[in-house]
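Please look over the sequence and the structure shown here before reading on. The briefing that follows takes up one topic at a time.

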Amino acid sequence: MTVRMREMRWWDIDRVLALEKDLFPEDAWSRGMFWSELAHARGAEATRRYLVAEEESGIIGYAGLASSGDQADVQTIAVARDQQGTGLGGRLLAELLRAATAFECHEVLLECRVDNIRAQKLYERYGFEPIGFRRGYYQPGNVDALVMRLTTDQATEEKKNG
């Protein structure tokens, strides 16, 4: 089946929330959080980029990025359980990195659960490096986050060596 990527819109929120609650039951985003993010994703002053990946069956993944000045933050990446390991997470991340470039960001940060090794390895493949921890970041489970960073210099170096 063909996977299509497109901009997330307000009418996607209910389907995105269903996937969000399945993947992140303890710390799922609320409807209001998605609405707030999408409010900053349109127009000349946009500072956000949110995407959905879909097949005929519906939304199978989504991702979001926030930018401020020359720094961007990966807000979320989610891939349906039956699509994990197919490369969809990498495709979503690559789209977010293109958005960071369009926003003229020279640094991209993200937080990743310390127990999500699969995601950490994905981010490392794209040149992200660990820079610290946020203790108890994911609530209510009180799970620590690994903070990772990609800079323009790292991305350039990865492309040369990759």
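**A nonpolar surface patch**

Trp-10, Trp-11 and Trp-35 form a nonpolar patch on the surface, and together they have about 390 Å² of accessible area. Accessible areas come from the Shrake-Rupley method with a 1.4 Å probe, and for residues only the protein chains shown count as cover. Patches are made of residues with over 30% relative accessible area and no salt bridge, where like charges are joined within 9 Å and nonpolar side chains (Val, Leu, Ile, Met, Phe, Trp, Tyr) within 5 Å. This is a predicted model, in which local features need pLDDT of at least 70 and side-chain atom pairs count only at pLDDT 80 or more, while totals for chains, interfaces and linings use all residues. Residues are numbered from 1 along each chain as its sequence is written, and side-chain values use heavy atoms, with hydrogens and water left out.

**Confidence of the model**

- The protein averages a pLDDT of 91, and 93% of the residues score at least 70; pLDDT is the predictor's confidence in each residue, from 0 to 100.
- Over residues 156-162 pLDDT stays under 50, and for this stretch the model has 2 contacts beyond four places in sequence, a contact being heavy atoms within 4.5 Å.

- Trp-10, one of the patch residues, lies in the loop between β1 (4-7) and α1 (13-23); helices (H or I, at least four residues) and strands (E, at least two) are DSSP runs, numbered from the N terminus.
- The buried residues of α1 are Ile-13, Val-16, Leu-17, Leu-19, Glu-20 and Leu-23. They lie on the same side of α1 because they cover an arc of only 165° around the axis, the arc being that of the directions from the helix axis to the C-beta atoms.
- Buried means under 20% relative accessible area, exposed over 50%, and partly exposed in between (1.4 Å probe, protein chains only).
- Asp-14, Ala-18 and Lys-21 are exposed on the other side of α1.
- The cover over the buried residues of α1 includes α2 (31-39), β2 (48-55), β3 (58-68) and β4 (71-79).

**Two residues and their contacts**

- Asp-27 is found in the loop between α1 and α2, and it counts as buried because its relative accessibility is 19%.
- With neighbours within four places in sequence left aside, Asp-27 is in contact with Glu-20, Arg-113, Tyr-138 and Gln-139.
- Gly-132 lies in strand β6 (residues 129-138), and at 23% relative accessibility Gly-132 counts as partly exposed.
- Not counting residues up to four places away in sequence, Gly-132 touches Ala-145, Leu-146 and Val-147.
- Gly-132 and Ala-18 are 114 residues apart along the chain, and their C-alpha atoms are separated by 31 Å.

**Backbone geometry**

- Most residues other than glycine have a negative phi, and most peptide bonds are trans.
- Gln-139 and Pro-140 are joined by a cis peptide bond, with omega about 10°, and Pro-140 has its place in the loop between β6 and β7 (143-151).
- Asn-142 lies in the loop between β6 and β7, and its phi is near 60°, a positive value in a residue other than glycine.
- Glu-104, in the loop between α3 (88-102) and β5 (107-113), has a positive phi of about 65° although it is not a glycine; at 62% relative accessibility, Glu-104 counts as exposed.

**Salt bridges**

- A salt bridge is a side-chain nitrogen of Lys or Arg within 4 Å of a carboxyl oxygen of Asp or Glu, and by this rule the count comes to 14 salt bridges.
- Arg-15 and Asp-12 meet through their side chains in a salt bridge (2.8 Å, N to O); Arg-15 counts as partly exposed at 40% relative accessibility, whereas Asp-12 counts as buried at 0%.
- Arg-4, Arg-6, Asp-12, Arg-15 and Glu-54 are linked in a network of salt bridges.
- The side chains of Arg-113 and Asp-115 also meet in a salt bridge (3.0 Å, N to O), with Arg-113 partly exposed at 22% relative accessibility and Asp-115 partly exposed at 48%.
- Asp-144 and Arg-135 form a salt bridge between their side chains (2.9 Å, N to O); Asp-144 counts as partly exposed at 21% relative accessibility, while Arg-135 is exposed, with a relative accessible area of 63%.
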